[in-house]
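Hi there,

Here is the structure I promised to pass on. Have a look at it first, and then read on for what turned up.

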Amino acid sequence: AKSFLGEGGDTAGNFVAGVCAQLVGSIVWVPVDVIKERLQLGKQMKVVREFSGSFVAFREILRQEGVRGLYRAYWVHQATWAPFNGCYFAVYEKCKRLCIDAGYEDGFDNLEPIAQVSCGAAAGI
């Protein structure tokens, strides 16, 4: 997304890159969360079927509900995490640019470790 929208430090481009990263990453993470949540619920509530492990849960959800069952919460997940990741990418890249301009880099636009940590902390707040 950043290469498509431009590398010029554009905040909107960085935000879109973060949202795109979230959408793609969720292809793996949402099914993992669904399985984890089903396993947790089985221990706390009376459910029709309690799964004995992750692989059994995966197999049974796929068998009973199909692929759709694994992605049941995909859009709710995006409503929560896509804005966060968009903002995180935008703030991190802005902080990174400020650190590079202030000289906290090695001459190749690689930040010093303390600058990396500072940018990550600022973006995560």
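Which residue forms a salt bridge with R59? The partner is E60, with the closest N and O atoms 3.9 Å apart. A salt bridge here is a side-chain nitrogen of Lys or Arg within 4 Å of a carboxyl oxygen of Asp or Glu. R59 is partly exposed at 48% relative accessibility, whereas E60 is buried at 7%. (Buried means under 20% relative accessible area, exposed over 50%, and partly exposed in between, using a 1.4 Å probe and protein chains only.)

Some background before the rest. This is a predicted model, in which local features need pLDDT of at least 70 and side-chain atom pairs count only at pLDDT 80 or more, while totals for chains, interfaces and linings use all residues. Residues are numbered from 1 along each chain as its sequence is written, and side-chain values use heavy atoms, with hydrogens and water left out.

The mean pLDDT (the predictor's confidence in each residue, from 0 to 100) is 87, and 87% of the residues reach 70 or more. The protein has six helices and zero strands; these are DSSP runs numbered from the N terminus, with helices being H or I of at least four residues and strands E of at least two. Where pLDDT is low, the predicted coordinates should not be read in detail. Of the 125 residues, 26% count as buried.

Now to helix 3 (residues 54–65). V56, A57, E60 and I61 are its buried residues. They lie on the same side of helix 3, because they cover an arc of only 125° around the axis, taken from the directions from the helix axis to the C-beta atoms. On the other side, F55 and R63 are exposed. Just after the helix, G66 takes a positive phi of about 75°.

The whole structure holds five salt bridges. One of them joins R38 and E65 at 2.9 Å, N to O. This pair links distant parts of the chain, with R38 in helix 2 (residues 11–44) and E65 in helix 3, 27 residues apart. E65 also meets R72 in a salt bridge, at 2.7 Å. R72 is exposed, with a relative accessible area of 58%. Through shared partners, R38, E65 and R72 form one network.

Best wishes
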